[in-house]
Amino acid sequence: MLCAAGAALVAGLVPAPPAAAEPLDELVAEAERAVEAYNALQERVDELGTEVERHQDRVARGQAEVNARRGEAGALAAAQYRSGGLDPSLVLLLSGDPEGYLARAETLDRVTARQTEGLRELHTAHLTLDRRRAEAARALEELASQRTELARRKTEAQRKLEAAREAYRQLARQERADRDGHREQPVRPAAEAAPTARAEAAVAAARRAVGRPYAWGQNGPWGFDCSGLTQWAWAQAQVALPRTSQAQAGAGRRVPADRIRPGDLVVYRDDASHVALYAGDGQVIHAPYPGAVVRPDPVGMMPVTAVVRP
């Protein structure tokens with residue numbers, strides 16, 4: 001949490017918004033929490049998709065190894081057949097019960113060391129293949145479960161976003177004017193340090209995004225939710241940020257509010273459900289809520305939880 005002096009700085013001692021706007025703020029906060037939960041789950045689904053592909057590749061390589069070892073055994077059997085008949089041990093070698101054969105292998109007089117070792121390797125390859133198939137099956141099951149949950153989260157986020165949109169449609173024109181007047185009161189730190197070159201690039205990218213629509217679950221370049229905008233802006237400066245506002249709150253060094261400088265992330269609300277990019281002169285650039293566009297607003301537009309420097 002910010003210190004008292006920092007909180008006063010970013011709050012700017014501005015008057016409270018109209019009472020009618022308070023339920024709307026909560027609707028927007030709920031919608032943003034739902035969107036950020038969806039974003040986090042989408043990351044997990046993407047990770048699981050990669051994991052499934054890795055398991056499937058290992059299964060394919062394991063099957064190829066088993067096929068190769070079976071081929072070697074078959075070649076040896078064919079060679080023995082051509083030279084005068086099939087060795088009884090190879091009959092067992094090519095049977096459907098190699099594990100049973102291993103238990104009896106030492107008692108068979110005509111089993112060579114090479115044949116025994118070949119069977120052991122084939123049996124090991126079978127066990128490895130079975131394990132990899134089981135791992136792939138578990139990963140696929142989890143992926144299917146997470147995709148189901150992702151669809152549920154998407155429906156929930158869409159419902160809450162639509163509720164917020166409808167609330168904005170019903171908000172009286174005068175209340176919106178009062179609310180915008182509240183937002184437009186600038187707050188400036190006493191002294192503002194110059195940004196780094198990368199921070200300048202991130203701010204420049206955010207400025208280019210001004211006017212583009214809020215689009216939940218999107219991280220640009222033509223639509224953004226709040227964390228999608230900050231992630232995209234810093235990506236233009238070759239800096240990778242996590243996808244969600246909660247993760248971005250821990251993606252750098254916390255700095256006091258009176259040391260804020262352009263490029264810093266400004267995290268809002270106790271649950272870190274909203275994030276913006278500080279652009280300088282007491283202004284942030286952010287994707288505010290459904291139905292709005294990316295825009296600048298005063299840094300003290302709502303309670304600040306943290307200032308983070310990537």
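Visitor: Hold on. What kind of model is this?
Guide: This is a predicted model: local features need pLDDT of at least 70, side-chain atom pairs count only at pLDDT 80 or more, and totals for chains, interfaces and linings use all residues. Residues are numbered from 1 along each chain as its sequence is written, and side-chain values use heavy atoms, with hydrogens and water left out.

Visitor: Back to Arg61. Which residue does Arg61 form a salt bridge with?
Guide: Asp57. The closest N and O atoms are 3.0 Å apart. A salt bridge here is a side-chain nitrogen of Lys or Arg within 4 Å of a carboxyl oxygen of Asp or Glu.

Visitor: How are Arg61 and Asp57 placed in the helix?
Guide: They are 4 residues apart in helix α2 (residues 21-82), so about one helical turn separates them. Helices are DSSP runs of H or I, at least four residues, and strands are E runs of at least two, numbered from the N terminus.

Visitor: And Asp57, buried or partly exposed?
Guide: Partly exposed, with a relative accessible area of 41%.

Visitor: How many salt bridges does the structure hold?
Guide: It holds 7. One of them joins the side chains of Asp225 and Arg243, at 3.1 Å from N to O. That pair links distant parts of the chain, 18 residues apart. Asp225 sits in the loop between α7 and α8, and Arg243 in the loop between α8 and α9 (245-248).

Visitor: Is Asp225 buried or exposed?
Guide: Buried, at 0% relative accessibility. Arg243 counts as buried too, at 8%.

Visitor: Which residues are linked in a network?
Guide: Arg44, Glu47 and Glu142 are linked by salt bridges.

Visitor: New topic. What is the strand order in the sheet?
Guide: It is an open sheet of 6 strands, β1-β6-β2-β3-β4-β5, with antiparallel pairing. Strands pair if DSSP finds at least two bridges between them.

Visitor: Which strands stand at the edges?
Guide: β1 (253-254) and β5 (295-298). Each has a single partner strand, so one side of each is left without a neighbour in the sheet.

Visitor: How many bridges join β1 and β6?
Guide: The two pair over 2 bridges, with β6 covering residues 304-309. Arg253 stands opposite Arg309 in β6.

Visitor: What does helix α8 touch on the sheet?
Guide: Helix α8 (residues 226-235) packs on β2 (265-268), β3 and β4. Contact means heavy atoms within 4.5 Å. The direction of α8 makes about 45° with that of β3. Axes are lines fitted to C-alpha atoms, for helices over the stretch in contact, and angles run from 0 to 180 degrees between N-to-C directions.

Visitor: What about the largest nonpolar core? Which residues touch the most other members?
Guide: It has 42 residues, and those touching the most others include Trp216, Phe224 and Trp234. A nonpolar core is a set of buried Ala, Val, Leu, Ile, Met, Phe, Trp, Tyr and Cys residues joined through side-chain atoms within 4.5 Å.

Visitor: Which element gives the largest share?
Guide: α2, with 8 residues.

Visitor: And what is Trp234 in contact with?
Guide: Leaving aside neighbours within four places in sequence, its contacts include Arg198, Leu241, Leu277 and Pro310.

Terms used: Buried < 20%, exposed > 50% of the residue type's maximum accessible area, 1.4 Å probe, protein only.
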